[in-house]
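Hello,

I am passing a structure on to you, and my notes on it follow below.

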Amino acid sequence: MIPLSEAQQFVLDACPRSAAGTVLLDHALGCVAAESILATEPVPPFVNSSMDGYALRAADTAGAGAGDGVARLQVVGTVMAGAPLDGTVGPGQAARIMTGAPLPTGADAVSPLEEVRTERDGAVVLIEGAVAPGAFVRWTGQDVAVGDVVLEQGSVITPGRIGVLAAQGLTDVPVHPMPRIGVLSTGDELVSGPGPLPPGKIRDANRHTLIALIRQEGWTAVDLGVAGDDEAALERALDGARHRCDAIVTSGGVSVGDLDVVKLVLSKRSAGTMRWMQVAIRPAKPFAFGVLDGSGIPVFGLPGNPVSAMVSFELFVRPAARRMSGHTTLHRPVVAAVADDDFRRRPDGKVHYLRSLATVDQGGQWRVRRLAGQESHQLTAMAEANALAVLPDGDGVPDGGHVQVMLLDPGRVGPAGASPVPSSSRGGVT
Ligand code: AMP
Ligand code: MG
């Protein structure tokens with residue numbers, strides 16, 4: 001057996017960051033910026049009103065509010081968003097103005113609609129208090145000035161950042177393109193789709209969980225279907241995938257059984273780079289990894305048991321594909337939690353990953369419970385888990401002790417009554 005860290009390093013070394021390219025702005029969500037971008041336009045692009053109201057000259061209202069002082073201003077027109085006033089606001093005058101409309105020449109403040117009265121069918125507006133110069137005015141460049149960094153190299157593109165870039169008129173964004181990842185299930189016992197299950201067969205779960213795990217990260221999943229335990233079929237599937245995938249994930253066929261053909265085919269097709277590993281973890285001990293000849297495409301041979309396949313994805317595929325996407329934080333966050341269950345185990349040379357439910361208590365302390373059904377074929381516990389408790393080789397942790405917990409899905413908290421997860425614990429900013 002080899003330590004997990006050694007296996008992970010072997011994989012990461014073969015999965016370099018993708019070369020910079022561009023994607024359409026509306027397809028950039030979740031990508032990592034390959035360059036910094038400076039603003040070429042100010043935002044707002046012109047001085048405008050932040051309220052529906054009246055644009056006026058503040059000096060005209062200086063005496064208003066004291067004694068019987070009311071400023072009576074002549075309304076000279078209306079400014080709508082998108083249509084500047086044809087004319088100016090002179091002394092003793094005002095213009096009705098809408099939110100986002102350009103402040104007319106001459107005006108230097110806005111009095112909101114709610115704070116004024118009008119007379120003579122709106123021809124005169126009465127201002128009952130002094131309006132400060134600049135009140136309810138948004139200045140040119142108040143949000144973004146020309147030359148400001150609107151996107152920093154290495155940052156992750158979020159919905160808000162897409163809006164900031166759109167406000168600059170950008171249509172393409174320089175990013176490290178996200179990988180297209182092929183997913184192939186292997187095994188003579190697998191059937192896909194509906195219909196009665198023939199004797200001895202099982203339904204293919206892994207292809208669907210792996211495709212979903214890939215899509216959850218924003219990457220493109222390429223469904224490569226099911227191959228039997230047959231070398232020729234597997235070779236055909238890999239050959240067909242190499243032109244449309246940047247990485248390939250298979251499940252099944254990497255154990256020590258007679259028909260474990262993934263490792264055989266990979267060793268033929270990866271020019272000696274393939275390594276078949278027994279990783280010192282449970283579940284997901286067997287793992288094969290190699291790079292396809294000529295193409296540099298990494299192939300991840302995950303074990304077939306459904307929980308093992310998912311854990312292996314978490315520990316190998318996700319960090320590697322994050323690296324290919326330009327991220328520098330590759331692994332899930334790990335926090336220390338109080339064990340609310342017995343997490344004792346026996347020494348066996350392996351690190352155990354237990355399907356668990358992590359929550360935060362009223363005092364902000366992480367707590368963790370183990371789920372029932374910890375065998376590697378029991379996918380329901382993995383389906384309910386939001387965390388994996390990490391138990392290093394040894395005797396484990398008794399109830400009340402401290403356990404390291406890898407958060408799989410910090411957004412999904414545990415039982416009712418648990419406080420929401422603090423945002424500082426959410427993983428993976430770059
Ligand atoms: P293997 O790694 O091929 O030895 O498979 C280990 C176990 O996982 C066996 O019980 C397989 O039937 C099961 N298995 C393999 N592939 C899948 C799959 N795609 N979906 C569900 N179970 C699978
Ligand atoms: Mg098999």
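What is the handedness of the crossing of α4 and α5? The crossing of these two helices is right-handed, where right-handed stands for the near helix being turned clockwise from the far one by less than a right angle, and left-handed for anticlockwise.

Before the rest, a word on the basis. This is a predicted model, in which local features need pLDDT of at least 70, side-chain atom pairs count only at pLDDT 80 or more, and totals for chains, interfaces and linings use all residues. Residues are numbered from 1 along each chain as its sequence is written, chains are lettered from A and ligands numbered from 1 in the order in which they are written, and side-chain values use heavy atoms, with hydrogens and water left out.

Helix α4 covers residues 231–241 and helix α5 residues 261–269; they pack at about 55 degrees with axes 10 Å apart. (Helices are DSSP runs of H or I with at least four residues, strands runs of E with at least two, numbered from the N terminus; axes are lines fitted to C-alpha atoms, for helices over the stretch in contact, and angles run from 0 to 180 degrees between N-to-C directions.) That angle makes α4 oblique to α5; under 35 degrees counts as roughly parallel, over 145 as roughly antiparallel, 65 to 115 as roughly perpendicular and the rest as oblique. On the α4 side, the contact (heavy atoms within 4.5 Å) includes Leu-234 and Leu-238, and on the α5 side Val-261 and Leu-264 are among the residues involved.

The second pair is α3 (residues 206–216) and α6 (residues 306–324), at about 25 degrees and with axes 10 Å apart. The two are therefore roughly parallel to each other, and α3 passes α6 in a right-handed crossing. Among the residues in contact are Leu-210 and Leu-213 of α3, and Met-310 and Phe-313 of α6.

Helix α6 also holds Ser-312. At 0% relative accessibility, Ser-312 counts as buried (under 20% relative accessible area, with exposed over 50% and partly exposed in between, using a 1.4 Å probe and protein chains only). Leaving aside neighbours within four places in sequence, Ser-312 is in contact with Ala-284, Phe-287, Leu-302, Pro-303 and Val-317.

Finally, there is an open sheet of 3 strands in the order β1-β13-β2, with antiparallel pairing (two strands pair if DSSP finds at least two bridges between them). β1 (21–24) and β2 (32–33) each have a single partner strand, so one side of each lacks a neighbour in the sheet. In β13, His-176 is the bridge partner of Val-32.

Best wishes
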